[in-house]
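Please keep the sequence and structure in view while reading.

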Amino acid sequence: MESNRVVTILGAGFIGRYIIKHLDKKGFRSIVLSRSPFSKNYILTQARTGYVDVLKFSQSEIKRSIEKSDYVINLIGILSPASNFFKIHSDLPDLISKLCAESKNVKKFIHVSAIGANKNSKSIYQQSKFSGEEKVLKNFNSSVIIRPSLVVGAEDGFTNLWGKLSIFPILPVVGSKFRFQPIFVNDLAKAIVNAIGIKGNEGKIIEIGGNKIISFGDMVKLILRIIGKKKLIVDIPLSLGKIAGSILQLLPGRPLLTKDQCLILGEKDNIVSGNYLTINDLKISPIDVESKMPEWLYRYRVGGAFAKV
């Protein structure tokens, strides 16, 4: 199907590449804005030749891209440092939604937030996510908020992290009883693309979760079972986790744990609440993530791809 419909995607990371594939299948052309466009050449292979452009992320480029787009998708989010949460999760969506409102072409803005977004949360991350949602819905009536639970896939930062940590004999887990509702990244991407075409969801919040709820501790156990390793899992109290997170977040590089993440683990489970629309309203039946995880976790088995299954 050929089309001149254009979608601007802010964020060229984990989820973005899957969205581009599904947009291409529906005939959309994609403009992808990235802070490091020259390191994102793989994005060009996710769609037919000429159907995706990767541009340098800047305020002027955001404005130009949105002006010639029919739809806009914001995927940008960070897990640290907390000092940048409001800048990235609130101020940036505020700018994007205002530009969408000024545009004569944009029909819908899809803003990806997170389950647990709450102005009363102790977590700055969740406060900033909620603030961004508020501004988006206020600025542009044709906005849709997508709140996913834990997103897993071959390039994710959760299952792969625990796969890497499996080299150690003991694995400390903070908040092992905290529950997720993992969603496979390809299902989330399809849901986001479907949200573009479905009518009547403007101004709505949609919570996206998979078909199973699992605790943090059981998720780690599942990863270990898939890669065929037996390790001692130690449940770390949140109070100690906060202390460890406060120290780890001061070290250079991406921290394994932050104090803010521990605050999230002490609040409500990261699962679909039942108070909003869900993935079913986007005509998606989520796949069982457990059936997909071996496809990328095999690399952490002893012997990797050559390990006996």
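## H1 against H6

In this predicted model, helix H1 spans residues 16-25 and helix H6 spans residues 185-197. Their axes come within 8 Å. They cross at roughly 50 degrees, which makes H1 oblique to H6. The crossing is right-handed.

H1 brings Tyr-18, Ile-19, His-22 and Leu-23 to the contact. On the H6 side, these residues meet Val-185, Asn-186, Ala-189, Lys-190, Ile-192, Val-193 and Ile-196. By class, the contact of H1 with H6 holds eight nonpolar, two polar and one charged residues.

## H3 against H4

Helix H3 covers residues 85-102, and helix H4 covers residues 124-139. The two pack at an angle of about 10 degrees, with 8 Å between their axes. Angles under 35 degrees count as roughly parallel, so H3 and H4 are roughly parallel to each other.

The H3 side of the contact consists of Phe-85, Phe-86, His-89, Ser-90, Asp-91, Pro-93, Asp-94, Ser-97, Lys-98 and Ala-101. H4 supplies Ile-124, Tyr-125, Gln-127, Ser-128, Lys-129, Ser-131, Gly-132, Lys-135, Val-136 and Asn-139. Sorted by class, the residues of the H3 and H4 contact are seven nonpolar, eight polar and five charged.

## H2 against H3

H3 also packs with helix H2, which runs over residues 59-67. The axes of H2 and H3 come within 9 Å. Their crossing angle is roughly 35 degrees, and the crossing is right-handed.

From H2, the contact residues are Gln-59, Ile-62, Lys-63 and Ile-66. They meet Leu-92, Leu-95, Ile-96, Leu-99 and Cys-100 of H3. By class, the contact of H2 with H3 has seven nonpolar, one polar and one charged residues.

## The second largest pocket

The second largest pocket holds about 440 Å³ of space. It is lined by 19 residues. Closest to the pocket centre are Gly-116, Ala-117, Asn-118, Lys-268 and Asp-269.

How does the lining of this pocket divide by class? Six residues are nonpolar, eight are polar and five are charged.

Key: Residues are numbered from 1 along each chain as its sequence is written. This is a predicted model: local features need pLDDT of at least 70, side-chain atom pairs count only at pLDDT 80 or more; totals for chains, interfaces and linings use all residues. Side-chain values use heavy atoms; hydrogens and water are left out. Axes are lines fitted to C-alpha atoms, for helices over the stretch in contact, and angles run from 0 to 180 degrees between N-to-C directions. Helices (H or I, at least four residues) and strands (E, at least two) are DSSP runs, numbered from the N terminus. Angles under 35 degrees count as roughly parallel, over 145 as roughly antiparallel, 65 to 115 as roughly perpendicular and the rest as oblique. A crossing is left-handed if the near helix is turned anticlockwise from the far one by less than a right angle, and right-handed if clockwise. Contact means heavy atoms within 4.5 Å. Ala, Val, Leu, Ile, Met, Phe, Trp, Tyr, Cys and Pro count as nonpolar, Asp, Glu, Lys and Arg as charged, and the others, Gly among them, as polar. On a 1 Å grid over the protein atoms alone, a cavity is a set of points where a 1.4 Å probe fits but cannot get out, and a pocket is an open set with protein on both sides within 12 Å along at least five of seven lines; lining residues have an atom within 4 Å of a point. Grid points are joined across faces, edges and corners, and a volume is the space filled by probe spheres set on the points.
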